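Colleague: I am new to this structure and would like to learn how to read it. Please take me through the main features one at a time.

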Amino acid sequence: MEEQLLQPAKKTSIKIDQAILILSSLLILMWVFTIGSKLMTFTKFQMQLLAQPLPLWLNKMLVYVLIPVELLNVPLLYFTKTRIYGFSLSLLMMLSFTVYIAWMLVFHENLPCACGGPIPKWGWDKHLLFNIFFTLLSATGLWLTKTNRCEAIQLRSRLTNK
Amino acid sequence: MNKMKNLFKFLPMFAIVAGIAFSAFTSANHVVQNKPLATYFWYEVDADGHVTSETLNPLGEVDKNAAMSLAPADCADTPAKDFCVLGSSSDDLQIDDQITSPPTDAIIRRTN
């Protein structure tokens, strides 16, 4: 009887799990693609990053720090236990990139983009839309993961109390 | 239903493989295009042929295509104009150094 009452909650939890898996996979795809294309054309990425209107010491540091930090997202998003940190880091990074691109759009539209894959050809406005999409995706993933955790805790406590 | 669940489990793994495949595919053309070009350290140069900046690529030599993404907006390699960015094998040219007759693969020309 108790099991029957808990069935709808379990089904909802499974659907949320699948949604989280889809969102994390999309983010993994985006990060791996971005990292891969940056590494394949590392010299060009280096040049474009050094041309950004930031202090040279920061640009030089970003050349070597950005890719490892982006890479960190992949294992964090891959494993269930660390997924919440993966979504948080992705959200933080996508938010920073989005703010930076919005600033570039206003002040420095002619500068090259130090981005991976076909993105540099899109122009800053399309790149901004792309980033907003993945920022929202990270935020949704984070929210769903938190919701799912709360529901799992509630479900467990209901099962132990009965 | 169970098969669907199993498929979902492999989704992140599939995303990694697809990401690697896509990035390799999109970057391949770029690599082939840049291969035959000589690599240099690049410097901004004024209309009189004087160096006006430190090297644009302090971390290592790059080819002309990569250097063009660093060049100022009015430098886009238009033939028969003064050159505005110069490639040198030295990473230590000084500001105000006078440049004479560089080879054509070592210069980027002005657009206006």
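Colleague: Among contacts in chain A between residues at least 6 apart in sequence, what percentage join residues at least 24 apart?

Modeller: A contact means heavy atoms within 4.5 Å. In chain A, 70% of the contacts between residues at least 6 apart join residues at least 24 apart. This is a predicted model, in which local features need pLDDT of at least 70 and side-chain atom pairs count only at pLDDT 80 or more, while totals for chains, interfaces and linings use all residues. Residues are numbered from 1 along each chain as its sequence is written, chains are lettered from A and ligands numbered from 1 in the order in which they are written, and side-chain values use heavy atoms, with hydrogens and water left out.

Colleague: How many helices and strands are there in chain A?

Modeller: Helices (H or I, at least four residues) and strands (E, at least two) are DSSP runs, numbered from the N terminus. Chain A has 6 helices and 0 strands.

Colleague: Which residues of the largest nonpolar core touch the most other members?

Modeller: In soluble globular proteins, nonpolar side chains tend to be buried together. A nonpolar core is a set of buried Ala, Val, Leu, Ile, Met, Phe, Trp, Tyr and Cys residues joined through side-chain atoms within 4.5 Å; buried means under 20% relative accessible area (1.4 Å probe, protein chains only). Here the largest core has 28 residues, and A:Leu27, A:Ile28, A:Met30, A:Trp31, A:Leu77, A:Phe87 and A:Phe134 touch the most other members. H1(A) gives the largest share, 9 residues. Beyond four places in sequence, A:Phe134 is in contact with A:Leu26, A:Leu27, A:Met30 and A:Met94. Another core, of 16 residues, lies apart from the largest one and includes B:Trp42 and B:Cys84.

Colleague: At what angle do the axes of H3(A) and H4(A) cross?

Modeller: Axes are lines fitted to C-alpha atoms, for helices over the stretch in contact, and angles run from 0 to 180 degrees between N-to-C directions. The axes of H3(A) and H4(A) cross at roughly 145° and come within 7 Å.

Key: Buried means under 20% relative accessible area, exposed over 50%, partly exposed in between (1.4 Å probe, protein chains only).
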